[in-house]
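Dear colleague,

My notes on what was found in it follow directly after.

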Amino acid sequence: MVDRIERLTNLLALLLETSRPLSLVEIAGELVGQYPDNERSRRASFERDKAALREIGVPIETEMVTGGPYSGQTTYRIDRRAYELTDLDLTPDEMRALQVAVAAVRSEPGQHAIWKLGGALDDERPAVSAVIPERPELPAIRSAVAARAPIEFSYRGDDRKLDPWGLLLRGGFWYVIGHDHARNERRTFRVDRFDPADDDGADTVRVGEPGSFDRPPSFDPRTAFPADPKQIGHGAEESVDALVRISALRAGAVERELGSDRVVERAGDGSVVVSVPAGNLPAFRSWVLGLLDHAVVESPDDLRRHLIDWLTDVAEPTTETIRP
Amino acid sequence: MSGPRNAEDRLRRLLVMLPWLMEVGEAPLDEVARRFNLSEAQVQGDLELVAMCGLPPFVDEMVDVFVDDGMVFVGVPRLFTRPLRLTAPEAFSLLTSARAAMELPGADPAGALGRGLAKLAAVLADAGIDTEPQGDDTAGVVVDLAQPEFTDELAEAAAAGHELAIGYYSPARDEMTRRTIRPRHVFADAGHWYVLADDGRSHQRRTFRIDRIESIEPTGLAFDIESVEPPERFFDDADVARATVRLAPAARWVLDQYPVDDVVELEHGWVEVRLPVSSERWLAKLLIRLGPEAVLVNATGDNPGVATARRMLDRYDEHRR
């Protein structure tokens, strides 16, 4: 038996060169001695090869024969135009720039794309790099955004249907922003929190009919999704501002994070009071608590009370039972 | 480059190697290996396997390639002259890499990268990724790598080999430190920017979070720059102590955010996890943030959340409006 790489290469060559679609019997006849004689194991080997070629992106077309002695048989071929990469005519400096970009992100699929475009592996380590998380759902969502096709997915147990307007990577996570059908308003979803596909093998993201919606012309994911983490998941209009005292040790960092216009008071000991949007309570609380004893909420009262209760709960853990 | 490679990976690599070889005609084996991130033995082995593959007896429909004396030679080009089109993940990755690079310090959007990206529109469309007219859809995919203050200066110092004196807030000790650093690499990961640098204080290579740097000043000293790999994730360390924590449904984000050893599902959507604890202070902070949504079941020492929460409550007593 030949090496699998040889058989795959031969199969690829045959399906690319054939002038008409071929049935499995014809394929096995051409690739003499490479597929098992037994019909069932031949079919199994071929299915495995077909899946391997599709996995690396080879577009294999299948056709069902109707009429004639081979009626009902499936035939296979590869359309060379669909197989081959369009020539891009990249200039050397453009190629080099893309190569450096992929090296800075250290993406494996990106490196494969560079090779296909005729570039090399960039073995110089750039002084700056970024980790961009890769998610299997992203290409499908991206193409739905471009095609204006709705997507369906399950999110924390709920089925959602969304007109996806755009994808945003921020704070290390990918978000999709769009119009939620059931809730009839703009919503944002973290892509890595999509529920995984069902056991029956259905895709995590199902893409609907292209051209199904118009995206608002002024839409920009950056502004649709405020940079201030305490605003995430909320409309700006319902925002409440809290006054938070920050100790001298962390005052500089907080001022840089929020901007100097958020500082409402500077005390002689170096501490500052900042005004912080608190519309999204969990996000606000997490931010304040993350500063530990360097931050104290001074007002409004209900927020201050909420944090004191929260801390009291941690300071006096329940002894009778361990929840749940 | 290491580890066993399956048939798909080998074929995938061959299908980019062959068109390139056909274009250049011949190339030194070591150059081919370096270019495609393989060992010379892997290149030679794979090329020898596919040599004469194709559709015999038609010579022009067979792969005609051989390796001799450290050189790779390619004969009559006919099969696999063009690379396979991009797959959707490859196209998406290329697009986001280029968008990310545009965000990095020192990027020039009007330059070669921008022009290359515009030319990509056609192949992106082939891969089903982008059917927008002429790649003008910047709103469709946005990579936001907002940089804290000093990121540019640190990147420049790393590229030029300039030593810096910095003021750094150390969260482990909760104090401000002064130190000299030799920046080696600046990188973004999971929403934060870091600088990997030789630390004059500990005499070790350390990773600093840039948003904790309070001040920065050149010392006037220069050092030899070297190519440095950014670290893999810093958290996963087998030597680090573990704590067992029960988490309410609302606290499940901990599973996404931090490495956990064990997850046991409990009643009412709660889970019990065992997670590495880099310092008591880190665990205290996590417990404080989780509040009633978490219960510490087991740790090596006392519950550090209790003492910290009491200290924080004292501060609330001191500061009233």
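In chain B, Asp198(B) and Arg184(B) form a salt bridge through their side chains, with an N to O distance of 2.9 Å; a salt bridge is here a side-chain nitrogen of Lys or Arg within 4 Å of a carboxyl oxygen of Asp or Glu. Asp198(B) belongs to strand β7 (residues 192-199) and Arg184(B) to strand β6 (residues 175-189), so that distant parts of the chain, 14 residues apart, are linked. Helices (H or I, at least four residues) and strands (E, at least two) are DSSP runs, numbered from the N terminus. Arg184(B) has a relative accessible area of 10% and is therefore buried; buried means under 20% relative accessible area, exposed over 50%, and partly exposed in between (1.4 Å probe, protein chains only).

Please note that this is a predicted model, in which local features need pLDDT of at least 70 and side-chain atom pairs count only at pLDDT 80 or more, while totals for chains, interfaces and linings use all residues. Residues are numbered from 1 along each chain as its sequence is written, chains are lettered from A and ligands numbered from 1 in the order in which they are written, and side-chain values use heavy atoms, with hydrogens and water left out.

Further charged pairs

Over all chains, the search of the whole structure finds 41 salt bridges. One of them joins the side chains of Arg160(A) and Asp180(A), at 2.9 Å from N to O. Because Arg160(A) lies in strand β6 (residues 158-170) of chain A and Asp180(A) in strand β7 (residues 173-180) of chain A, the pair ties together parts that are 20 residues apart in sequence. Arg160(A) and Asp180(A) are both buried.

A further salt bridge, between the side chains of Arg311(B) and Asp293(A), has an N to O distance of 3.0 Å. This pair crosses between chains: Arg311(B) is in helix α9 of chain B, and Asp293(A) is in the loop between α10 (281-290) and β13 (295-299) of chain A. Arg311(B) counts as partly exposed because its relative accessibility is 37%, whereas Asp293(A), at 12%, counts as buried.

Which charged residue is buried yet has no salt bridge? It is Glu293(B), whose nearest side chain of opposite charge, Arg285(A), is 4.1 Å away; Lys and Arg count as positive and Asp and Glu as negative, while His and the chain ends are not counted. Glu293(B) lies in the loop between α8 (280-290) and β13 (294-298) of chain B. Leaving aside neighbours within four places in sequence, the residues in contact with Glu293(B) include Arg285(A) and Trp310(A) from chain A, and Arg246(B) and Trp270(B) from chain B; contact means heavy atoms within 4.5 Å.

Helix packing

Between the chains, helix α5 (residues 92-105) of chain A and helix α4 (residues 88-103) of chain B cross at roughly 90°, and their axes come within 8 Å. Axes are lines fitted to C-alpha atoms, for helices over the stretch in contact, and angles run from 0 to 180 degrees between N-to-C directions. Leu98(A), Ala101(A), Val102(A) and Val105(A) of α5(A) meet Leu94(B), Ser97(B), Ala98(B), Ala100(B) and Ala101(B) of α4(B). By class, the residues of this contact are eight nonpolar, one polar and no charged (Ala, Val, Leu, Ile, Met, Phe, Trp, Tyr, Cys and Pro count as nonpolar, Asp, Glu, Lys and Arg as charged, and the others, Gly among them, as polar).

Helix α6 (residues 108-116) of chain A packs against helix α1 (residues 7-24) of chain B at an angle of about 30°, with the axes 8 Å apart, and α6(A) and α1(B) are therefore roughly parallel to each other. Here His112(A), Trp115(A) and Lys116(A) meet Arg12(B), Arg13(B) and Val16(B). The contact of α6(A) with α1(B) has two nonpolar, one polar and three charged residues.

Chain B and one of its leucines

Chain B has nine helices and 13 strands, and 49% of its 321 residues count as buried. Leu313(B), in helix α9 (residues 304-318) of chain B, counts as buried at 17% relative accessibility. Not counting residues up to four places away in sequence, Leu313(B) touches Ile308(A), Leu311(A), Thr312(A) and Ala315(A).

With kind regards

Definitions and conventions:
Parallel < 35°, antiparallel > 145°, perpendicular 65-115°, else oblique.
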